[in-house]
Amino acid sequence: MEPYANHPRMSRRSFLAAVMGGFSALVATVLGVPAVVFGLSPALKQTKKETWVQVGLPGDFKTGQPQMAEFTIFRKDGWLEESVSKSVWVVRTGDADFAVYNPRCTHLGCIVSWRPEETAFFSPCHGGVFALTGEVLAGPPPRSLDKLDWKVDGGKLVVNFKDFRLGVPEKVEV
Ligand code: FES
């Protein structure tokens with residue numbers, strides 16, 4: 001009588017098949033987990049929060065004279081938290097009316113400056129020029145300066161700060 005006859009014996013072929021099966025399962029797991037996470041990532045991403053920032057008192061701004069307001073915002077991306085210096089151009093257009101622009105040139109993002117003697121915003125990079133209304137007057141920018149929402153809250157002028165995709169005609173938040 002053969003010893004261990006009641007024990008199932010694994011043939012060499014079965015053993016190799018089992019090893020290969022285990023290896024395949026391991027590879028599928030290693031490759032599959034990142035794929036699932038990648039697929040879910042839009043759902044896991046934080047929804048964009050609004051970033052309202054105080055830029056001053058309404059009375060700080062003179063009609064028709066753009067003024068840059070600078071501030072710091074805090075951004076959280078996953079585990080990473082950072083503070084970022086930002087700015088906006090504020091234009092008082094009436095007693096209680098304002099136009100607020102993201103200062104990035106819509107071409108490639110250079111920060112535009114205001115030249116009072118020419119009553120226009122100038123990009124320092126490729127000749128982009130914008131009117132007081134934000135419209136493109138010259139150069140390659142594909143759209144007007146990006147206007148931002150604003151409101152007076154508690155006596156302060158506050159702005160909903162956002163950045164937008166550069167180099168495209170559509171205003172798309174990033
Ligand atoms: S970045 Fe302003 S014109 Fe190119």
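Guide: Welcome! Residues are numbered from 1 along each chain as its sequence is written. Because the model is predicted, local features need pLDDT of at least 70 and side-chain atom pairs count only at pLDDT 80 or more, while totals for chains, interfaces and linings use all residues.

Visitor: What makes up the protein, in helices and strands?

Guide: It has 1 helix and 11 strands.

Visitor: Why are β1 and β11 called paired?

Guide: Two strands pair if DSSP finds at least two bridges between them. β1 and β11 (residues 156-160) are joined by 4 bridges, so they pair, and they run antiparallel. Val 53 stands opposite Val 159 in β11.

Visitor: Why do β1 and β10 count as edges?

Guide: The open sheet has 3 strands in the order β1-β11-β10, with antiparallel pairing. β1 (52-56) and β10 (150-153) each have a single partner strand, so one side of each has no neighbour in the sheet.

Visitor: What makes the largest nonpolar core a core, and which residues touch the most other members?

Guide: Such a core is a set of buried Ala, Val, Leu, Ile, Met, Phe, Trp, Tyr and Cys residues joined through C-beta atoms within 7 Å. Buried means 20 or more other C-beta atoms within 10 Å of the residue's own, with C-beta atoms placed from the backbone. This core has 18 residues, and Val 88, Val 90, Val 100, Tyr 101, Leu 148 and Val 159 touch the most other members. β3 gives the most, with 4 residues.

Technical notes
Helix = DSSP H or I, 4+ residues; strand = E, 2+ residues; numbered from the N terminus. Buried ≥ 20, exposed ≤ 12 C-beta atoms within 10 Å, placed from the backbone.
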